[in-house]
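Please look through the sequence and the model that follow, and keep both at hand while reading.

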Amino acid sequence: MLNKILIANRGEIACRVAATARRMGIATVAVYSDADARAKHVQACDESVRLGPAPAKESYLCGDKIIAAALATGAQGIHPGYGFLSENAGFAQACADAGLVFIGPPASAIHAMGSKSAAKALMEKAAVPLVPGYHGERQESDFLRGEADRIGYPVLLKASAGGGGKGMRVVERSEDFEAALASCKREAISSFGDDRVLVEKYLTRPRHIEIQVFADTHGNCVYLFERDCSVQRRHQKVLEEAPAPGMSAERRAAMGEAAVAAARAVGYVGAGTVEFIANQDGSFYFMEMNTRLQVEHPVTEMITGQDLVEWQLRVASGEALPLRQDALRIAGHAIEARIYAENPEKGFLPSIGTLARMRTASAVEFRLNEAGASQAAAVRIDSGVREGDAISPFYDPMIAKLIVWGANRDAALRNMARALAQYQIVGLATNIGFLQRLVTGAAFSQAELDTGLIERHHDALFPAPAAPPMEILAFAAAAVLTEESTAGNSADPWSSTHGWRMNGKLLRTLEFADDAGASTLQMEYAGNGSGCTLSSGAQSHALRIESVRDGAFSITLDGRLLRADVVREGDWLHVFDGRAQRSLRHVDPMAHAGHSEAEGGRLTAPMPGKIVAVLAQKGSSVGKGAPLLIMEAMKMEHTIAAPADGTVEDLLYAVGDQVAEGAQLLEFKAA
Ligand code: ADP
């Protein structure tokens, strides 16, 4: 058995690998960039080695520095995690050449599956079913357009070297082909350093079903069943579950055997995933093989009771697979939600900042017993960040993976809804509210799964902002009153001097605002020190603060005892009532003038990034929605569009320029 490994990754996956290594008595070495010097993964390992500055190209992607660190610390093997160098055949080979065990497949298998095009050619030979398309060498625009015309629209353009949902474009009509190809190639070269693409038929209402495979060096290869990862946005997975709803035993065996055939065709060793795209009738086609551990591997661990990292370490140490196919069983149902620092309402733009507060559901230990039964519910949180840590623009903005288990899908769903409701994050935007709507919505609850689910249910998932309910306003009011009395060194929130007396009564107005608009409350102190009356419009409510400790409020509103945590962040009050987060801006006429609302009209960079295309000319008139600039940030392209009909008065940046978050990009005058 290996006795010391280096983990060539960061974040949750580095922490997750370290946890299994520790349990198995294997020593661990972390590597880190300057941005991560105090990161959780560094503390999760026994030793650590600095790689370089924050950008991945100067740190986590420097294979030579990583190999040198392994040799210097006496590590025998390198676990690459996912992303970064995990699917880099050159790195796997360099490890082998340096006498280190690459904890993954042989370089030849990575290479064979590395190009989506070449992999398809191999799979064709192994009789694994493929989506109709063109995956050859020719790359001229006219030729590819001809192929697309032949296949029939819609078609999907994919970067041959792509991954992570990047470098893909759906093309609806022949006229749009050229522009889509240019954009796809641009993203492909900047993300993968290779602009070759393939064209395939774009299936309507497909499901993404993938099979976990595992092979050892003794010729054994098994499948650990499937994961359904159909719920995606921009071709990136949002929710993953196992087993796939509606999967028959025959189909499971057919897909499992096709996946094992795919792995065997490339001499696979270790953990791998064969991704299929499936029609609603169950027919399935090979998409690609990911030659590493997947982000969503925990759902497979939960339904099989196996630790896949332990399997990886055993296989890398030369042992045979721990179990044979006929000893593997599915127990219950597991669902994973990816919790991201991002803004779903703004096109899922990543959000950058510090996790000023992060509270979560508590993890519930999970162990399947011999009979494959567990407790009624389990919760696992895999995270690489702690409260106080930052989500930076340098790496993937994932905060955590929330994984739950239940005896069946309904139980798992309830467990997921409960765990999401307990999340409290302040400091940056997250997708938690969106995930809650997704998980509790009819489509996902009823397992009407396909990759278009989010778009099809757009209106339900992105509801128009509604005015906050009285309960939430009451907590916000209670928080403001408490802060004022604390600031005035008074233990009694009702002795406030804010406000004015009219006919002997102390009255004041409180105003809160959010996307739904302003909410104004009239407050009248009861005078006997026991509470107040809050009125909004014609309705009056009796409010009393029962207790406050560390932001945890108990209030009585119209005789009902309610509890919530309230966290202030600048002008904002975040109320967590155990069901959802509701954020209100306290509009305080006594304080500074508040935020300018004029920002909407300025064309500013939504995040730090690079200008990759300037589509408008100085002085040109454009219509509302016309694309003006394309920025690349976090390896994704973001189009800056005209907010209204108007004129581009000046362009402030050129292609290749780096821009800071909030930088004005161009001068625009609305007509
Ligand atoms: P990546 O390597 O970037 O993850 P994949 O080839 O695995 O790219 O595809 C990612 C997702 O894109 C799939 O899960 C599916 O939702 C969608 N997709 C891929 N190919 C097709 C297709 N031919 N038709 C429809 N959707 C597709």
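In which sense do β28 and strand β29 (residues 552-557) pair, and over how many bridges? The two strands pair in the antiparallel sense, over 6 bridges, where pairing requires that DSSP finds at least two bridges between two strands, and where strands (E, at least two residues) and helices (H or I, at least four) are DSSP runs numbered from the N terminus. This is a predicted model, in which local features need pLDDT of at least 70 and side-chain atom pairs count only at pLDDT 80 or more, while totals for chains, interfaces and linings use all residues. Residues are numbered from 1 along each chain as its sequence is written, and side-chain values use heavy atoms, with hydrogens and water left out.

On its other pairing, β28 (residues 539-549) joins strand β27 (residues 532-536), again in the antiparallel sense, over 5 bridges. Leucine 543 of β28 stands opposite cysteine 532, and in β29 the bridge partner of leucine 543 is leucine 557. The hairpin of β27 and β28 has 2 residues between the strands, and glycine 537 takes a positive phi near 65° there; in the hairpin of β28 and β29, which has 2 residues between its strands, aspartate 550 takes a positive phi near 55°.

Turning to the open sheets, 5 strands form one in the order β3-β2-β1-β4-β5, with parallel pairing. Its edges are taken by β3 (47-52) and β5 (101-102), each of which has a single partner strand, so one side of each is left without a neighbour in the sheet. Within this sheet, strand β2 (residues 27-33) pairs with β3 over 5 bridges, and tyrosine 32 stands opposite arginine 50 in β3. Helix α1 (residues 11-23) lies across β1 (4-7), β2 and β4 (77-79), running at about 170° to β1, where axes are lines fitted to C-alpha atoms, for helices over the stretch in contact, and angles run from 0 to 180 degrees between N-to-C directions.

Another open sheet has 4 strands in the order β6-β9-β7-β8, and its pairing is antiparallel. Here β6 (133-134) and β8 (168-171) stand at the edges with a single partner strand each, so one side of each is left without a neighbour in the sheet. Strand β7 (residues 155-159) and strand β9 (residues 197-201) are joined by 5 bridges, with alanine 159 opposite valine 197 in β9. Helix α6 (residues 116-125) packs on the sheet, touching β7 and β9, and its direction makes about 55° with that of β9.

Ala89, Ala92 and Gln93 of α4 make the contact with Ala107, Ile110 and His111 of α5, contact meaning heavy atoms within 4.5 Å.

Finally, a search of the whole structure finds 11 aromatic pairs, counted for rings of Phe, Tyr and Trp (its six-membered ring) whose centres lie within 6.5 Å, with planes under 30 degrees apart taken as stacked, over 60 as edge-to-face and the rest as tilted. The rings of tyrosine 223 and phenylalanine 225 have centres 6.0 Å apart and planes at 90°, so the pair is edge-to-face.
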